[in-house]
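User: I am new to this structure and would like to learn how to read it. Could we go through it feature by feature?

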Amino acid sequence: MSAASRIWTTIDFERNGKHTDYLRLPFSSDTSAYGWLPIPLICIRNGAGPTVLLTAGNHGDEYEGQIALIKLAQEIKASDVNGRILILPALNYPAVAAGRRVSPIDEGNLNRLFPGRFDGSPTEMLAHYIDNVLFPMTDLVIDLHSGGRSLEYLPLALARPGLTVDNQRSVRELLTAFGAPVSVLTDGDGGGGATTLYAAAEKRGIPALTTELGGGATLSPVGLGVAEEGVRRVLKHYGIVPNLDVEMSATSRFMRSLGRNVAIYAPENGLFEPLAKVGDMVEEGQPAGILYFYDNPLRESLKLFFPANGMVSCRRFPTLSARGDCLYNLMSDIEI
Ligand code: ZN
């Protein structure tokens, strides 16, 4: 789907300086026949150099990235920059404004709709614009996520491994430069697979990194710090903002997601009592949690066990659980 996007903006991406406007996403409704949905965009450009695309609010109820990018957009001056920084801190704006994972306009989950459609729903049109208009001008992508209301995550960075040897190398360089406490390689098989923003970037050969920085639809101060420092290290490492004041010597523990085959999903509806925390090292056979049956209190509660050795990367945040809900994901160390 490469037909021209209907989304427009007053920003001239080639102009030097710090400019702000919106991606103007046409949306015709009862109350606004010729209106558009406003997706805030800041473009900071100064001469030649790489372009980095920084996004948050892809899921609206994930906050560390949104705040980190608002702070960064306020701080960076055009004269600090070599190249171009595109900042979208509230990417799926209707979802951000509603405090939801998905857009209330069309129930669109932006990170499950790539590569999008030029003539699709508003969220599909947005995915198409990112893939067809923004990606072709972009050299690096950072899409900041957290667990949202249904998950609690250990603060970490993630990337897909890359489709070519060159791409694999550039992805490792980006993860190393970001310097999250933990860097995870994943194919996203327990999440969005090939439909995510960072998977779409990988398809175009652009080094792309995403994060998980906390969760529960609240702000983790630790996660916010990981986002702020990581983005700053990347901007400095690639020479885009060479004079940033940030500690560059962060070391990252490289791990891989163990995927959906060793994730734990609720086998039935119930109340979930977790017995492990994010960041815990667990062993195969270790008790993971207990499911209590609120609709049949005298029925024996169900013990769940970890199916493999690993570190807990995330756990379900709400107690009320239904069959199919992800309760735990695991990851393990890799050699680099
Ligand atoms: Zn997310």
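**Reading the model**

Analyst: Ala217 sits in the loop between strand E9 (208-212) and helix H6 (221-237). Helices (H or I, at least four residues) and strands (E, at least two) are DSSP runs, numbered from the N terminus. This is a predicted model, in which local features need pLDDT of at least 70 and side-chain atom pairs count only at pLDDT 80 or more, while totals for chains, interfaces and linings use all residues. Residues are numbered from 1 along each chain as its sequence is written, and side-chain values use heavy atoms, with hydrogens and water left out.

User: What is the phi of Ala217, and is Ala217 buried or partly exposed?

Analyst: Most residues other than glycine have a negative phi, and most peptide bonds are trans. Ala217 has a positive phi, near 55°. Buried means under 20% relative accessible area, exposed over 50%, and partly exposed in between (1.4 Å probe, protein chains only). Ala217 has 32% relative accessibility, so it counts as partly exposed. Glu107 also has a positive phi, near 60°, and lies in the loop between H2 and H3. With a relative accessible area of 48%, Glu107 is partly exposed.

User: Where is the cis peptide bond of Pro115?

Analyst: The bond that runs from Phe114 to Pro115 is cis, and its omega is near 10°. Pro115 belongs to the loop between helix H2 (93-98) and helix H3 (122-134).

User: Which protein atoms are donors of the zinc ion?

Analyst: Donors are N, O and S atoms within 2.8 Å of the metal (3.2 Å for Na, K and Ca); water is not among the atoms, so sites may look incomplete. Here the zinc ion has ND1 of His59, two OE atoms of Glu62 and ND1 of His145, at 2.0 to 2.3 Å. Along the sequence, the spacing of the donor residues is H-x2-E-x82-H. Glu62, in the loop between strand E3 (51-56) and helix H1 (64-75), and His145, in the loop between strand E5 (140-144) and strand E6 (151-153), are 83 residues apart and link distant parts of the chain. Both Glu62 and His145 are buried.

User: Why is the arrangement around the zinc ion irregular?

Analyst: Four donors count as tetrahedral if all angles lie between 85 and 135 degrees; four count as square planar and six as octahedral if opposite donors are over 155 degrees apart and all others between 65 and 115; anything else is irregular. The angles subtended by the four donor atoms here run from 56 to 145°, so the arrangement is irregular.

User: How many aromatic pairs are there?

Analyst: Rings of Phe, Tyr and Trp (its six-membered ring) pair if their centres lie within 6.5 Å; planes under 30 degrees apart count as stacked, over 60 as edge-to-face and the rest as tilted. The count is four aromatic pairs. One of them joins Phe272 and Tyr328, with centres 5.8 Å apart and planes at 80°, so this pair is edge-to-face. Phe272 is in strand E12 (residues 270-274) and Tyr328 in strand E18 (residues 326-333), so the pair ties together parts 56 residues apart in sequence. Phe272 and Tyr328 are buried. Phe306 and Tyr328 form a tilted pair, 5.0 Å centre to centre with 55° between the planes. Ring pairs also link Trp8, Tyr22 and Trp36 into a cluster.
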